[in-house]
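Biologist: Hello, and thanks for sitting down with me. Could you walk me through this model one question at a time?

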Amino acid sequence: MSSSHRRSVLLFLVCLVGFNASTTPYSENCDPLVPEFCYYPFPNDFWTDAVKDTPTGIRLNLNMSTLPNPRSEPKRFDPHYWNQLDGFAPSSSLLTYFPDPDLSNVARWWNIGKSLEPDSVTILYDATTKERIAHWVELDERAKKHDLQSFVIWPARALDNGRQYIVAVRGLKSASTGRLINATAAFTELRDGTASADPRVNGRRQHFKNLFATLATIGVKKEELQICWDFTTASSTALHSDMLYMRDDALARMPKDGPDFTIVNVEKNPKGRPHTNRYITGVMRVPSYLTTMEPSIHSHIVYNTTMGHPQFQRFEDVFFKLSIPNSLANTKKRGWIMNYGHGLFGTYNEIKEAYLQFEANEHGYVIAGVDWIGMAQDDKLVVLDILTSDFTKFKVIPDRLTQSMVNHEYLTALLMSEKFITAPDMMPTGAPLIDPTHHYYYGNSNGGCLGTTFVSYSTIISRGVLGVPGGTYNMLLLRSIDFTPFFKILSLNGNEMDLIFWLTLFEQLWARAGPGGYARSLIAHPLPGTPPKTVAIHYALGDAQVTWLAGQYLGRSANASMFQNNVRERNETLFGFPITNSPASRPQVPAVIQGWDFNAPPVPLGDFPPDGKTDTHECARRDPRAMDAIYTLFKTGTFQDWCNGTGCHPLKPARKLFRCPLPDMV
C-alpha cells in the first residue's frame with residue numbers, strides 16, 4: 001500500500017475515535033454474564049430472537065440502547081441492517097472479558113494445536129458436527145489500560161455457516177495471584193442452580209442446562225466452567241443470496257456476444273515501461289443493482305419489495321484498463337487473460353506497476369482490472385462520511401463490493417468475447433492477441449482479500465492466486481500499520497475496549513462481500529454454479545499491512561496444503577496444513593499456501609503490527625520464484641515449489657526494492 005493510501009486509511013479510521021462509555025446500568029437488554037461490559041460476550045445468541053422465516057430459526061436483535069455510541073456520531077447507532085441477519089459472521093472474533101487473566105497456559109498463535117488438547121483452558125465446539133474447533137487466544141493489548149483488555153478468541157479458520165457453536169473457558173488463573181478467576185455472579189447462578197432475582201438469569205436456565213449437558217459429552221465438567229455461551233453463524237442464504245442473485249441475473253442480461261464496450265483511450269509505448277506495448281482504457285456496460293454506481297453514502301442495493309431479492313436498475317458504464325506486453329505485440333502470440341485485483345483504496349491503474357508489466361511481458365499476460373467499488377480510491381470520502389455521520393450506513397461498503405463482483409465477472413467475460421478480442425485497438429499486429437480459453441485471477445493485498453470472494457463466486461474463473469491476503473478484516477486491521485496512528489489517538493478518548501468490538505460488529509456486514517464470508521466457499525463448500533477452484537495463497541513474514549496470521553487463517557479456511565519446510569516465525573507450529581510434495585494438483589490438493597521470508601524481524605507476539613520500516617508487504621509479488629509459481633499454476637493447474645523444498649528465503653545476490661531483498665530485475 002502506498003503512503004497516500006496509508007494516509008487515506010488513517011483518515012478512514014481516525015473518525016472512530018471516542019466512544020461513549022461501554023458500561024450501562026442494569027438493563028434487560030444487557031447480558032449479565034459479563035457485567036462490566038453490556039454487550040459481552042460477543043457474538044452471542046442472547047442477542048437473537050427465535051423466528052420461523054430464516055434457515056437458522058433466529059434473527060439478530062441487537063439493541064441500540066446497549067451498544068457503545070461513538071462520540072463523533074451526531075445520532076445513536078441503529079443496528080437495523082445487522083438485525084436482518086439470521087446469525088453472526090463466520091469470521092468473527094469471539095470476545096469476552098476476564099480481570100487480569102494469565103495466558104501462559106492457553107493456546108496462542110504459535111501453538112494452536114494446544115486448543116484441541118483434552119485439558120485446554122478454552123473450548124470452541126461445533127454442536128452440529130460434534131467437533132472441537134482449533135483456535136488461539138490473546139488479550140487486546142492495544143488497549144493500554146489492563147482493565148479494558150478484551151479476552152479474544154480467534155478461530156483458526158472461518159467457521160461454517162448456519163451452525164451452533166459453544167464457547168467455554170475453565171481453569172483460567174489470575175496473572176497477579178495465580179488463583180482461579182471467579183465466575184461472575186450471573187454465570188455462577190446459572191452453573192450452580194442457585195437462586196437469582198435477575199430475570200435474565202432465570203429465563204435462560206434451561207438453555208444453559210442444555211449447554212452444560214453438551215459440554216459434558218466431551219469431558220468438560222460444569223463445575224469447572226468460568227463462563228460459557230453459544231452463538232449461531234449466519235446461513236449461506238443470509239450471506240450469499242444477494243450476491244448470487246445479482247451474478248446470475250447479470251449473466252442472463254449479458255448480450256450473447258459479450259458485454260458491450262467502448263475504447264476511450266490508447267496509450268502506446270508508455271514512458272518508463274519498456275515491457276509494455278500499450279495501455280487501453282475503456283468502458284463496458286454492466287447491469288447495476290445499486291441506487292447509483294457513483295461513490296455516495298446513498299449508494300446501496302435496491303430490493304424488489306415483493307420478492308425480496310436485489311432489483312436490476314439499469315446498465316451503467318464501468319471503466320476498465322488493460323495492458324498488452326511487447327512479447328505479444330512483437331511475436332503475434334496469443335496471451336492469457338489475467339483479471340487483476342488492486343489493493344485498498346486503489347484503482348485499476350495498479351495494473352501499470354512495473355513488476356506486473358515485467359511479469360506480463362515475461363509470461364504473456366494481458367492484464368486487466370476494474371475498481372473494487374466500495375473500497376476503491378473514489379470511496380474514501382464516502383467511508384469518511386459514514387464514520388463521521390452515521391455508522392448505520394456501513395452497509396454501503398458491502399453493498400458496493402457486491403456490485404464489484406458483478407463488474408469483475410463482466411470484465412472476464414468481456415476479455416473472452418470475440419468482438420473485444422478482434423477490436424482494432426486490441427490487434428496492434430493485425431491479429432488477435434488474446435487466447436480466450438486461458439483466464440485467471442490474481443490480486444494482492446485487498447485484491448487478495450476480495451479475490452477470495454471473487455474466485456469463489458465466479459462462474460468463469462477456476463484458477464486464482466491470492467497475494468498477501470487476509471481471511472477476515474477484523475483480524476488484519478488490528479495488526480496493520482495503517483491502524484497504528486488511530487490507536488494513539490484513541491488512547492486519549494473514551495473507552496479503548498470499544499474498538500475491537502466495533503471491528504467485530506462491522507465484520508458481521510463485511511462478511512456478506514468480504515473474505516470472511518467466502519473463505520470456506522473456495523474449496524470446502526463451493527457456491528452453486530461455479531467450477532472447481534485451484535487456488536494459491538502467498539504470504540510474507542514481517543508483513544506490516546496484512547498480517548500473515550490472517551493469511552494463514554485464510555489458508556486453513558480454504559483447506560490449503562503446504563510444501564515441506566515452509567518458512568515459519570519464531571518456533572511457530574504450522575498448524576492445520578497437510579504437507580504435500582511438489583508438484584501437487586487437484587483433486588488431492590486443490591489449494592496451497594506458501595510463505596516467504598525476507599529477513600524481517602519477528603512480528604510482535606500481541607496484536608500489534610511489525611515495524612513499518614521492515615515491512616515486507618510488497619516483496620513476495622516481486623520475487624521471481626513467486627512469478628514462476630503463478631505461471632506454472634496458470635499453465636498446468638499444478639502447484640510447483642520453486643523454492644525447492646528448502647523454504648522461500650531471500651535470493652542472492654540481492655538489492656533492496658520496496659525494502660525487499662530481490663534480484664535486480666524489476
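Predicted model: local features only at pLDDT ≥ 70, side-chain atom pairs only at ≥ 80, totals over all residues.

Biologist: Let us begin with helix α11. Is α11 largely enclosed by the rest of the structure or largely open?

Modeller: Helix α11 covers residues 446–457. Buried means under 20% relative accessible area, and among the residues of α11 that are buried are Asn446, Cys449, Phe454 and Tyr457. In total 12 of the 12 residues of α11 are buried, so the helix is largely enclosed.

Biologist: How far does α11 reach from its first C-alpha to its last?

Modeller: α11 has 12 residues, and at 1.5 Å a residue a span of 16 Å is expected. The helix comes close to that expected value, for its reach is 16 Å.

Biologist: On to salt bridges. Which residue forms a salt bridge with Arg512?

Modeller: The count of salt bridges comes to 24. In the one formed by Arg512, the closest N and O atoms are 3.6 Å apart. Arg512 sits in the loop between α14 and β17, and its partner lies in helix α5, 270 residues apart. That partner is Asp242.

Biologist: Are Arg512 and Asp242 buried or exposed?

Modeller: The cut-off for buried is under 20% relative accessible area. Arg512 has 8% relative accessibility, so Arg512 counts as buried. At 14% relative accessibility, Asp242 also counts as buried.

Biologist: What is the N to O distance in the salt bridge of Asp317 and Arg285?

Modeller: This pair links strand β12, which holds Asp317, with strand β11, which holds Arg285, 32 residues apart. Asp317 is partly exposed at 44% relative accessible area, and Arg285 is partly exposed at 35%. Their side chains meet with an N to O distance of 2.9 Å.

Biologist: Which residues are linked with Asp126 in a network of salt bridges?

Modeller: Side chains of opposite charge can pair when their charged atoms come close. Here Asp126 belongs to a network whose other members are Arg157, Asp160, Arg163 and Arg520.

Biologist: Last, the rings. Is the aromatic pair of Phe42 and Phe501 stacked or edge-to-face?

Modeller: The whole structure has 35 aromatic pairs. In the pair of Phe42 and Phe501, the centres are 5.1 Å apart and the planes make an angle of 75°. Planes over 60 degrees apart count as edge-to-face, so this pair is edge-to-face.

Biologist: How many residues apart in sequence are the parts that Phe42 and Phe501 tie together?

Modeller: Phe42 is buried at 1% relative accessibility, and Phe501 is buried at 0%. Phe42 lies in the loop between α1 and β1, while Phe501 is in helix α14, so the parts they tie together are apart in sequence by 459 residues.

Note on methods:
Residues numbered from 1 in each chain as written. Heavy atoms only, no water. Helix = DSSP H or I, 4+ residues; strand = E, 2+ residues; numbered from the N terminus. Expected span 1.5 Å × (residues − 1). Buried < 20%, exposed > 50% of the residue type's maximum accessible area, 1.4 Å probe, protein only. Salt bridge = Lys/Arg side-chain N within 4 Å of Asp/Glu carboxyl O. Phe/Tyr/Trp six-rings, centres within 6.5 Å; stacked < 30°, edge-to-face > 60°.
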